[in-house]
Amino acid sequence: MCLRMILLLACFVISSGLPVSQAQAAGGSKARPTAQVSASDWPWWRGPQRSGIAADQQNMPLHWSETENVLWKAKVPGRGHASPTVVGNRIFLATADEQREIQSVLCYDRVHGRQLWQADVHTGGLERKGHQKSSQASATVASDGERIFVNFLHDGAIYTTALDLKGKQLWQTKVSDFVVHQGFGSSPAVYESLVLVSTDNKAGGVVAALDRRDGTIVWQQSRPHLPNYTSPVVLSVAGRDQLLVAGCDHISSFNPLSGEQLWEIAGSTTECVGSIVTDGELVFASGGYPDKLTLAVRGDGSGKVAWQNTVQTYVPSMLVYDGYLYTVTDAGVAICWQAATGNEVWKSRLGGTFNTSLVLIGDRILAANQEGDTFIFRASPNKFELLAQNHLGEDVYATPAVCGSRVYLRVAQRDGDVRQEWLYAIGK
């Protein structure tokens with residue numbers, strides 16, 4: 001099972017590139033430690049706002065191909081489903097050489113695509129069980145502008161590792177043991193002084209907070225003995241920052257600084273991949289097994305379900321924009337619902353299988369399928385309006401990163417039995 005996921009409203013820094021605080025990026029409380037990232041970065045899973053919403057990119061191209069609007073392409077060694085992370089003049093990718101059993105972080109120059117370094121994090125201990133779509137490097141790297149944080153499943157456990165910007169290991173912490181069901185792909189979340197990690201699995205995982213300076217576990221909460229794949233996400237909901245996790249048959253909310261459980265509601269299905277999103281009042285979750293489920297619950301702790309349906313958006317994460325909830329199902333159907341009521345406004349078949357999450361650029365939604373087709377359609381309740389359909393790659397699992405008027409795509413191409421991954425920079 002390829003694993004993806006995340007949402008949140010945030011304050012960007014102005015175009016001068018001044019630092020934005022983690023608390024601001026989480027859309028809520030006052031800043032403590034600041035992360036040296038800006039609006040022109042894509043520093044963690046689903047971007048600065050943790051919502052799939054990019055800063056307004058006026059010069060973003062609408063069309064691209066192998067011969068059109070490609071600024072550069074770079075060969076990616078190994079295999080992974082992690083999305084690109086972009087901070088300053090660097091791009092970071094998690095990858096794994098499955099034959100040599102090496103899990104690594106790669107660093108590329110943002111301007112020209114030249115590989116700057118490769119930091120090997122683990123050697124040996126790869127878990128060969130799991131879904132055929134799973135990879136050994138599915139968790140997206142997070143960065144606070146000074147450090148890089150990555151999660152890997154290694155030797156029967158989940159480890160979080162911190163590197164500096166030159167690839168030197170700063171610390172490594174074993175978070176919990178892990179029993180593989182489908183695979184692992186939960187990405188770390190940076191919040192104030194913490195790195196937040198979830199390790200749901202059949203052996204009983206945890207949601208944990210690590211000190212991003214030294215990897216010390218600050219707090220942890222035990223989780224049910226059930227398989228689940230979604231990433232933790234801090235959202236500003238009902239007037240406060242909440243750490244939200246869907247799956248294991250519940251939607252759970254925690255205080256991200258202390259780990260105190262704020263509320264929990266039964267109703268989510270067991271296995272979720274996509275990340276929770278919010279409009280600030282309602283929390284929206286989706287899942288795929290054993291129940292096909294999309295639902296909206298009140299984020300104020302009242303335990304009320306606002307609405308739900310049986311649409312299966314298992315792997316992709318959804319988007320909330322201007323009062324409407326958008327999704328593309330795993331089976332390739334784009335849907336727009338009224339966020340407050342769940343009333344379907346429109347739906348349209350795109351085609352293909354979708355493993356990636358949605359990205360919003362202005363009023364345009366970008367959705368990439370496994371077959372290498374990227375659809376761009378209008379984020380509007382009026383009607384489904386397809387603006388462009390671009391093709392690049394033949395085997396796509398990583399959600400694009402969008403920043404600085406560029407789209408960064410991790411795709412794979414096949415030449416017979418040989419599969420090669422590439423990182424593309426798309427721009428005018």
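Helices (H or I, at least four residues) and strands (E, at least two) are DSSP runs, numbered from the N terminus. The model is predicted; local features require pLDDT of at least 70 and side-chain atom pairs pLDDT 80 or more, whereas totals for chains, interfaces and linings use all residues. Residues are numbered from 1 along each chain as its sequence is written, and side-chain values use heavy atoms, with hydrogens and water left out.

**Figure 1. Overview of the protein chain, with 1 helix and 34 strands.** Along the principal axes, the C-alpha atoms fill a box of roughly 50 × 50 × 45 Å. Of the 428 residues, 63% are buried (under 20% relative accessible area; exposed is over 50%, partly exposed in between; 1.4 Å probe, protein chains only).

Figure 2. Leu194 is buried, at a relative accessible area of 4%. Leaving aside residues up to four places away in sequence, the contacts of Leu194 (heavy atoms within 4.5 Å) include Ala189, Leu210, Trp219 and Pro256. Gly156 lies 38 residues from Leu194 in sequence, with a C-alpha to C-alpha separation of 24 Å.

**Figure 3. Cysteine sites in a structure with 0 disulfides.** A disulfide is counted where two cysteine sulfur atoms lie within 2.5 Å. The sulfur of Cys107 has its closest cysteine sulfur in Cys403, 14 Å away and therefore too far for a bond. Cys107 is buried, with 0% relative accessible area. Cys248 is likewise in no disulfide, the nearest cysteine sulfur being that of Cys272 at 8.3 Å. Cys248 is buried at 2% relative accessibility.
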